[in-house]
Structures are given as structure tokens and as C-alpha cells.
Amino acid sequence: MNDFNEIAMLLLIVVPLAGSLSMMFMPGGQTKETWYFAIFIAAISLCLSLVVFGNYDYNVGGFQYVASYEWLPGPLDISLSLGLDGISAPMVLLNGLVLFGGVLVSQTVHYRAREFFVLLFALAAGVYGVFVAQDLFFLFFFYELAVLPMYLLIGVWGSSTDFGTFLRTKEYGAMKLLIFLVAGSILVWIGILALYAESSDLGAATFSLEGLGQLAESGKIDEDFQKWVFPLFMVGFGALAGLWPFHTWSPDGHVAAPTAVSMLHAGVLMKLGAYGIIRVGIFLLPEGADAWMPVLISLGTINVLYGAMSAMSQNDLKYIIGYSSVSHMGYVVMGIATLDNIGMAGAVLQMFAHGLMTALMFLLVGSIYHKTHTRDINVLNGLASRMPINTFFFAIAGLASLGLPGLSGFIAEFMVFTGTFRTYMPLGILAVIGAALTAIYILRLLARTFMGEADERWADLTDSSRVELSVGAALVGIMIFVGVWPEPLLRVINVGVQTIPGV
Amino acid sequence: MSPLSDNLDLLTPEFAMAGLAFLVFALDLFLPEGRKNLLAFVSMAGLAVLIVLSLVMLWDEDKSLYDGLLAVDSFSLFFKVFFMGLGIAIILTSMDFVENRLKHQGEFYGLLLFSILGMNVMAQSRELLTAYIALELLSFSLYVMVSYTKNSDKTNESALKYILVGAVSSAILLYGVSMVYSTLGVTKFDEIAEGLAIVSDVSPALWVGVGLILVGMMFKVSAVPFHMWAPDVYEGAPYPVTAYLAIGSKAAAFALILRLASEGFVPATERWEQWQVVFAVLAAATMLLGNLVALGQKNLKRLLAYSSVGHVGFILAGVTALSANSDLASNGVMFYLVGYSVTNLVVFAALISFFNMTGREMMSDLGGLADHQPFLAACLGMGLFSLAGLPIFVGFTMKFYLFTAVADQGYLWLAGLAIFSSLIGLYYYLNVIRYIYIEPALTGENGEDLLEEYPALTKRPSFTLITVLGTGSAAMIWLGVYPKPLIDAIESASRAIVF
């Protein structure tokens with residue numbers, strides 16, 4: 001049984017990567033066939049994600065299905081080590097879900113569909129890789145692999161924003177996103193090299209997370225060293241998580257990206273950043289983390305408030321959701337920074353909940369944009385009468401976003417608040433205010449876009465396609481399920497959170 | 001002392017290579033116009049045979065020839081095979097270009113073979129004057145090749161610049177050699193190391209001598225501040241020669257630097273620590289300046305010239321990290337040289353192919369390439385991503401390896417600077433990719449459709465170029481994902497010079 005799971009872990013990376021490479025050799029121009037093949041690959045990935053999540057034994061905890069494949073022996077000693085713990089298991093599941101949904105709604109991609117899916121699956125393979133890799137080289141390898149395709153995905157298939165006085169081309173969004181993320185990964189890379197050099201000085205040169213973790217646990221890694229290296233990871237990974245003030249790529253990038261890419265990017269990719277802070281920063285540099293947490297939680301609080309206030313003043317649907325992502329990722333950052341078992345579990349759950357919610361929102365907005373060719377909430381109005389089901393799903397996503405009990409967001413945010421109140425009381429109050437601000441911009445968005453009398457020009461508008469609505473229904477279903485009965489997720493997350501040093 | 005000609009048979013591949021070059025020259029006289037393409041195949045077949053011959057003859061060999069002037073060891077075997085393989089790839093890449101745009105095809109291939117011979121001897125030499133002669137054999141062949149399109153003003157300018165700069169740098173190198181000889185009385189690498197280690201109070205003349213040798217070598221690899229010639233020469237030279245300059249001549253110069261540094265300087269630990277600072281500063285200046293200036297380039301050849309200056313900076317960072325107790329840095333440098341050559345070969349092959357179709361070489365000319373040449377565009381795009389250092393291509397893996405080696409030797413700041421320079425590089429590589437994939441097809445100056453002007457753009461690239469592009473791209477991914485076989489070979493090559 002264990003062998004089976006180990007192979008499934010390897011396949012998690014290999015299947016999308018092989019799918020990506022094999023699609024390169026498919027004949028171009030056959031949009032439909034390419035889409036079917038992509039669905040096939042995504043379905044396998046989803047099944048594998050469900051298998052490894054479902055088989056994770058939360059009674060045992062720790063890293064499971066640990067396997068190591070020798071890659072480069074010798075002085076560098078790099079192996080492709082894989083393993084899953086309570087933090088990465090929900091993330092793998094999330095990636096499987098969002099990828100499958102994203103591929104399904106990419107039915108509307110007709111221009112060079114083959115190249116689109118080649119890049120999309122390369123991205124997906126990178127995301128899976130980061131979540132399961134237990135070696136710094138491969139973690140970073142997959143991290144870069146997840147970032148690399150974004151430029152072309154946005155630049156070629158994205159859309160520009162033109163509000164007359166406010167022009168943002170897709171090339172701009174793509175370049176900004178990539179430069180920010182790669183600038184972040186520079187810091188990560190330097191941090192990784194510093195860790196390797198330090199371990200080499202200690203006579204145990206290694207890239208393996210396990211080996212470095214043991215060094216950290218035995219307290220051999222110098223405290224001053226930890227204190228100057230931790231911010232590299234905090235800012236580097238933080239940039240991808242949308243940490244203020246390195247978040248500005250996120251709204252621009254999300255707005256310019258095509259639907260499936262926005263879904264994957266806001267839904268899963270930003271979580272890589274938060275995951276990296278936990279897995280690399282806190283696990284390997286516990287003392288450094290301890291020293292920097294007040295800074296991190298302050299930045300997280302600014303994220304929550306600043307993101308929410310920016311979202312309030314936007315007129316572009318996607319910008320609103322983009323800034324709401326910045327705001328919600330703030331809760332994740334705050335939860336991590338509490339180093340409290342409830343707050344941390346809340347952060348991980350929030351990653352999962354926000355991933356689903358934001359994917360659903362981008363899916364619905366993408367559908368609206370595809371039909372109306374505008375995302376301006378001053379122009380859109382009364383869509384409820386034309387697209388009732390879309391409106392219904394959007395309302396649920398919006399309510400989840402503002403933390404309505406019974407939906408996935410509530411429990412996660414509640415846990416983050418609890419954790420924050422136990423550690424940094426004043427910031428907890430600010431975070432609750434942030435949640436109230438969320439209500440303002442979500443309700444404003446819903447009122448402007450969906451309520452009121454429909455404009456003449458939307459007379460012929462029909463509801464979103466069946467595929468989009470099915471994916472939406474599935475996402476809504478999972479959100480309600482997690483909201484009502486979070487236990488299956490939380491028991492796994494709790495096991496994972498317990499192993500974090502300092503929690 | 002053994003007789004000089006004791007084991008001369010170990011040089012069979014070199015003699016055969018010279019014979020092959022003369023054979024190509026001679027065949028050229030008898031072949032009618034229009035059949036000259038045969039020469040390319042003769043050269044390639046000859047090189048392939050020589051690769052096999054070298055591998056069979058010299059496998060696991062570790063000998064010194066001519067009382068230690070030449071080394072026949074795993075290090076030289078590695079580079080020999082590498083250079084000859086590169087030669088085959090360059091010939092494949094340049095065949096169409098040479099056939100359609102150059103006169104005197106026979107001499108082109110003959111000179112190419114001679115330059116490879118020079119490169120092979122460079123990798124084998126462990127004595128300053130022998131190295132100098134090999135270097136000159138390479139340089140003289142290149143002087144002629146650079147000036148091959150003699151009717152173009154640009155080419156004449158660049159050829160003249162190349163010869164002048166080349167002559168001056170050779171003179172500087174030679175002067176350095178003479179000063180080292182005048183102070184230490186030796187020219188062999190290992191004896192220089194002994195000399196440097198023993199002399200407690202190094203005379204200024206020795207410092208100047210070693211410094212001048214260094215300056216001469218830095219000219220050859222175009223490190224800052226001795227890089228000024230590179231962009232002009234790259235721009236003016238015929239495209240395949242530009243590719244050859246960027247790939248072959250640099251790799252050969254670094255093979256020589258690797259052996260000189262590891263056998264001649266590194267063993268004298270105290271002195272080497274002083275020279276490490278010099279190398280570190282050179283590396284830092286080279287990588288920063290090369291990448292920064294590349295930002296403003298519009299011409300593809302100049303862009304690649306500055307990008308290659310940037311990469312030289314990375315390799316120099318690896319040379320800085322050479323040490324007597326770890327082979328990580330020399331492995332890293334060799335891995336980088338191979339990965340960089342493969343990647344650059346793909347990029348140049350794609351650009352040469354594009355040039356064959358249109359005769360254009362500006363960045364903006366690539367607009368819409370993905371629409372009418374998807375295969376070319378994909379290979380070029382992958383090559384540029386690899387140069388920028390992104391996975392799954394070799395560019396990422398080789399950078400990670402090299403920078404780890406640099407950080408491991410305590411030069412974390414240099415590794416950090418290198419990583420930062422890579423980000424700058426990413427920006428301009430992405431700009432080229434933007435033209436290929438995002439910008440619409442270019443129209444001519446008067447708004448005419450380029451496709452009508454260049455009907456070749458809708459045809460498939462030639463078979464030889466597809467071969468190079470396909471195998472090159474596959475190699476890029478293969479080395480990026482599973483470099484172990486190559487690293488194994490490199491480690492055994494390293495062992496010959498490091499420990």
C-alpha cells in the first residue's frame with residue numbers, strides 16, 4: 001500500500017509534466033482534442049491528489065510516503081525526496097481541484113490551445129512539486145517552474161484593461177508579475193545558498209529539508225545567522241504570497257491573466273509563498289522566525305486593511321477580487337505569524353478556503369467578461385435577471401469571502417482571529433475590522449453588478465455555459481462542505497501544525 | 001628524463017585532425033562549384049571518427065608528453081570530445097549560411113578544423129608557451145573567419161578590430177609570460193605553483209607578470225573591462241562565426257584558465273587567496289556590466305554579445321571559487337561551459353535559420369515569429385528561458401550548481417550578485433520572447449507585409465538546422481532534468497586537475 005502511495009506522489013509531478021511535454025508534439029490547431037486530452041491529464045492529477053490526501057494517516061502524523069530518489073550524489077548530495085505532511089496534504093488536494101476546474105473552463109481558449117495547456121501543466125507540475133518536495137534544490141526548482149510559464153500565459157492569452165485614463169496592458173501585467181516574483185525568488189535562492197554554506201561549515205553539507213531540519217532542531221545553526229537569513233525567506237516567499245508592500249504585482253497580474261490562470265494563480269500559486277514561509281522559513285530557522293514574527297504579523301495586518309480598502313475603490317471586477325486576494329492572504333500571513341497552534345491551523349485552512357473561493361470568483365468573472373467584454377461595475381448592472389445561476393454562485397462566493405458562518409471562510413478566519421487574540425490582541429481587533437471592510441466591498445460589488453434594473457444592452461445575455469456552472473457548483477459544494485464539516489481537513493492540518501517548531 | 005618522442009602515439013588524434021584540415025583544403029581544389037557542400041560532410045564525418053578514436057585511445061589515460069608540456073588526461077579528453085562535438089554542431093548550423101552567403105567554402109571548414117585543433121591543444125597544455133601557441137592557432141583561424149564576408153563594411157571594421165585587439169592581447173600575454181619566466185625561471189604550470197609557494201617575498205615583477213597573463217586571458221574571454229571589442233566583432237562577423245566566437249573560443253579559453261588556475265595558482269594557497277580577490281572583482285564587474293548594458297540592445301547579435309559577457313562573469317565567479325580541497329567549483333565551471341554552449345547553440349541555430357530566411361538581425365524583426373515558424377519560435381524561446389536560468393532547462397541547473405560552489409567557498413556576496421544579475425538578464429531575454437510570442441508580425445518600413453517580402457518565412461527551416469535545434473533542445477531539457485551522466489564525466493575530468 002505504501003509503495004502505491006509513493007508512486008502516486010511521484011506521479012503527481014510526472015503526470016502533469018509528461019502531459020505538458022507530450023502535448024508539445026500534438027498537432028496544433030485541434031482545439032477540441034487538445035482540451036479533451038488536457039481534461040484527461042487534469043482528471044488523473046485530481047484522482048492522484050484525492051488518493052494521497054485520503055490515504056494520509058492523521059493518527060500517525062508527520063511525513064508520510066517518504067521516498068528518496070538519488071539525483072546527484074557527490075558533494076552536493078541532491079536527491080529527489082518526496083513526502084507529505086498535514087500542511088502539504090490539503091494544498092495538494094487544493095491544487096488538484098483548482099487545476100481540474102481551471103482546465104474545464106478553458107474550453108473558451110481557442111487561440112493556440114495547445115501551447116496554452118503545455119504552459120498550464122508545466123505550472124501545475126511546479127506547484128505539485130513544491131508541495132511534495134523535501135529537498136531545497138527541488139523545492140526551488142519547482143518553485144521557479146511554477147513561476148516561469150506565467151509570463152507567456154498572461155502575455156499571450158491575457159487581456160488588457162482600458163478605462164480611458166487608466167490603461168494597463170497585459171504585457172505590463174505579465175512583466176510586472178514576473179519581475180516581482182523572480183526578484184522574490186532571488187532572495188529565496190540566496191537564502192538557500194546561505195543555508196547550504198552554513199551546513200557545509202557545520203560539516204554536514206546538504207540541501208535536504210530533513211537534514212537541515214535536524215541541524216535546526218539540535219540548535220547548531222547560529223542564532224545571528226538565522227536572524228539575517230529568515231527575512232530573505234520572509235520577503236522572498238512573501239512576495240509570492242502577496243505580502244504588503246510587495247503585493248502590487250498581484251492585482252495587475254490577476255487582472256491581465258486569462259480565467260484559468262487567474263484561478264490557479266490566486267487559488268494555488270499565492271499559497272506557495274505562504275507554504276514556503278512555513279516549510280523553509282519556520283521549519284529551518286525557528287529562532288530567526290521567532291525574532292521576525294512581530295514584523296510579519298504587522299505586515300499581515302496591513303495586508304488585510306490595505307487590501308480591503310483598495311478593493312473598495314476599484315471599478316474593475318477583477319481588480320476588486322485581486323485586491324480581496326491581497327486582503328485575504330493577509331489573514332494567512334497573520335495566522336502563520338502567530339506561531340500559535342490555532343492561528344497556524346487557521347492559516348492553513350484559510351489557504352484552502354481562499355483558494356476555492358477566489359478560484360470560483362475568477363471563474364464567474366471570467367464568464368461574465370467572456371460574454372459582456374467588460375468588467376466595469378459602472379457599466380454592468382442587473383445581471384441577476386440575465387445570469388441567475390452565475391449570480392447565485394457569486395453571492396455564495398462573496399458571502400464566503402466576508403466570512404459568513406456555514407461557509408469555508410468563516411472557520412478559517414475565526415481560527416486566525418482566535419490565534420491573533422491569544423498572541424497579539426490589538427492586531428486581532430484590526431483584523432476583525434478588516435473583515436467588516438470586506439463586507440463593504442463585497443456588497444458593493446454584488447449590488448452594482450447583479451442588482452438593479454438590467455441595461456438594454458444586456459437583453460440578449462444568457463447564463464454562463466454549462467461547463468462553467470458545473471465547475472462552479474462543485475466548488476460551491478466543497479465550500480459548503482468544508483464550512484459545515486471541516487473536521488476531515490482540520491484533523492489533517494492539526495497533525496501537521498503540531499510539528500512546526502515553536503508552535 | 002625520457003626521450004621526447006616516447007609516447008607520441010597519444011597525439012594521434014591531433015595529427016589526424018591536422019591531416020583532416022589539409023584534406024579539406026585539398027579536396028576543395030578538386031570539387032566543382034555546387035558540390036562544395038560535400039566538404040562539410042567530410043569535416044563532420046572526420047570529427048565524428050576523431051571523437052570515437054579519442055575516446056577509445058585515451059580513455060583512462062593519464063600521461064604527460066614532452067617532459068610535461070602536454071597532458072593527456074581525463075580533463076583534456078573531456079574537453080577534446082566537447083570541442084569536436086561542438087565543431088560538428090557548428091558545421092551543421094552554418095552549412096546553409098556558408099553555401100548561400102559565403103565564398104571559399106573549403107577554406108571555411110578547413111580553418112574551422114584548425115581552430116578546433118588549437119582548442120584541443122589549449123585544453124591539453126600545461127606550460128605557458130605551449131598554451132600560447134595553441135591559443136594563437138585558434139586566434140589566427142578566427143581572424144580569417146571573422147573577415148569572411150569581405151564586401152561588408154561592418155565586417156571589415158569588426159575584422160580589423162578583432163585582429164588589433166587580438167594582437168595586442170597576445171602581446172600582453174606574451175610579455176606576462178616573459179616576466180614570470182624572468183623571475184621564477186619556469187613556465188610549466190606546476191612549477192609556477194611551486195615557485196609562487198616558496199618565494200616568501202614576491203617581487204613586483206612576478207605580480208606584474210602574472211597580472212599581465214591574466215589581462216591577456218581576460219581579453220580573450222571578453223571580461224570587463226576588456227570586453228569592448230566583443231559587441232562590435234560579434235555584430236560584424238558572419239552569423240555562424242559569431243556563434244562560434246560566443247561558444248567555442250570562450251569555452252577553450254576557460255579550459256585553459258581552469259588548468260592554469262588549478263595547477264598553477266591554487267596549490268600556492270596563500271597567493272591564491274590574494275588572486276581570488278582579483279578574480280572576484282573581475283567577475284562582479286563583468287556580470288553586472290554585461291547584463292546591464294544588454295538591456296539597451298536592439299540588435300540580436302549585440303544583445304547576445306553582452307549576454308555572453310554576463311555569462312563570462314558567472315563563469316569567472318566559478319573560477320574565483322576554485323580551491324585545493326574541493327572540486328565543486330571546477331565541476332561547476334565545466335558544467336556551466338557545456339550547458340551554456342548547448343543553450344547558445346540552440347539560440348544561434350534558431351537565429352541563423354531566421355537570418356537565412358530574411359537576412360534580418362534586429363530584435364523587432366522577430367515579431368510574429370511564433371505564427372509562421374512555431375518550431376523555430378519554440379526552440380528559440382526555450383533557449384532564451386534556459387539562458388535566463390529557468391527550469392526545466394539546463395540554464396537553471398548549471399547556475400544552481402555553479403552558484404552553490406561559489407557560496408560554499410565563502411563568496412556568498414558574489415553568488416548573491418550573480419543571482420541578482422540573472423534577474424537583469426531575465427528582463428531582456430523576456431523582451432525577445434515578447435517579440436516572438438506576443439507582438440504582432442512586423443510590417444516593413446512602408447507598411448508592406450514581411451511575409452510577401454520573405455516568402456521563405458513560410459517554409460520549413462532546413463533539415464540540418466532542424467537537427468541541431470531538435471537535439472539541442474532535447475539536450476537542454478535532458479541536462480536540466482538529469483545531469484548525472486554529464487556530472488560523472490566532469491567529476492573524473494576535474495580529478496585530473498584539482499587533486
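Chain A has a radius of gyration of 21 Å, which agrees with the value near 23 Å that a compact globule of 503 residues would have. Bear in mind as you look around that this is a predicted model.

**Overall build of chain A**
- The C-alpha trace of chain A spans about 75 × 60 × 45 Å along its principal axes.
- Its secondary structure comprises 20 helices and four strands.
- Of the 503 residues in chain A, 63% count as buried.
- Taking contacts in chain A between residues at least 6 apart in sequence, 81% link residues at least 24 apart.

**Helices 2 and 3 of chain A**
- Helix 2 (residues 31–55) and helix 3 (residues 88–105) of chain A pack with their axes 8 Å apart, at an angle of about 160°.
- Because of that angle, helix 2 of chain A is roughly antiparallel to helix 3 of chain A.
- Their crossing is left-handed.
- Helix 2 of chain A contributes residues including A:Ala42, A:Leu46 and A:Phe53, which meet a set in helix 3 of chain A that includes A:Gly96, A:Phe100 and A:Val103.
- By class, this contact has 16 nonpolar, four polar and no charged residues.

**Where chain A meets chain B**
- In chain A, 29 residues are in contact with 30 residues of chain B.
- Strand 1 (64–72), helix 5 (136–147), helix 6 (150–157) and helix 7 (170–201) of chain A each give two or more residues to this side.
- Helix 7 of chain A provides the largest share, 14 residues.
- The chain A residues on this side divide into 23 nonpolar, four polar and two charged.

How values were computed. Residues are numbered from 1 along each chain as its sequence is written. Chains are lettered from A and ligands numbered from 1 in the order in which they are written. This is a predicted model: local features need pLDDT of at least 70, side-chain atom pairs count only at pLDDT 80 or more; totals for chains, interfaces and linings use all residues. Axes are lines fitted to C-alpha atoms, for helices over the stretch in contact, and angles run from 0 to 180 degrees between N-to-C directions. Angles under 35 degrees count as roughly parallel, over 145 as roughly antiparallel, 65 to 115 as roughly perpendicular and the rest as oblique. A crossing is left-handed if the near helix is turned anticlockwise from the far one by less than a right angle, and right-handed if clockwise. Two residues are in contact if their C-beta atoms, placed from the backbone, lie within 7 Å. Ala, Val, Leu, Ile, Met, Phe, Trp, Tyr, Cys and Pro count as nonpolar, Asp, Glu, Lys and Arg as charged, and the others, Gly among them, as polar. The radius of gyration is taken over C-alpha atoms; the globule rule is 2.2 Å times the number of residues to the power 0.38. A residue is buried if 20 or more other C-beta atoms lie within 10 Å of its own, exposed if 12 or fewer, and partly exposed in between; C-beta atoms are placed from the backbone.
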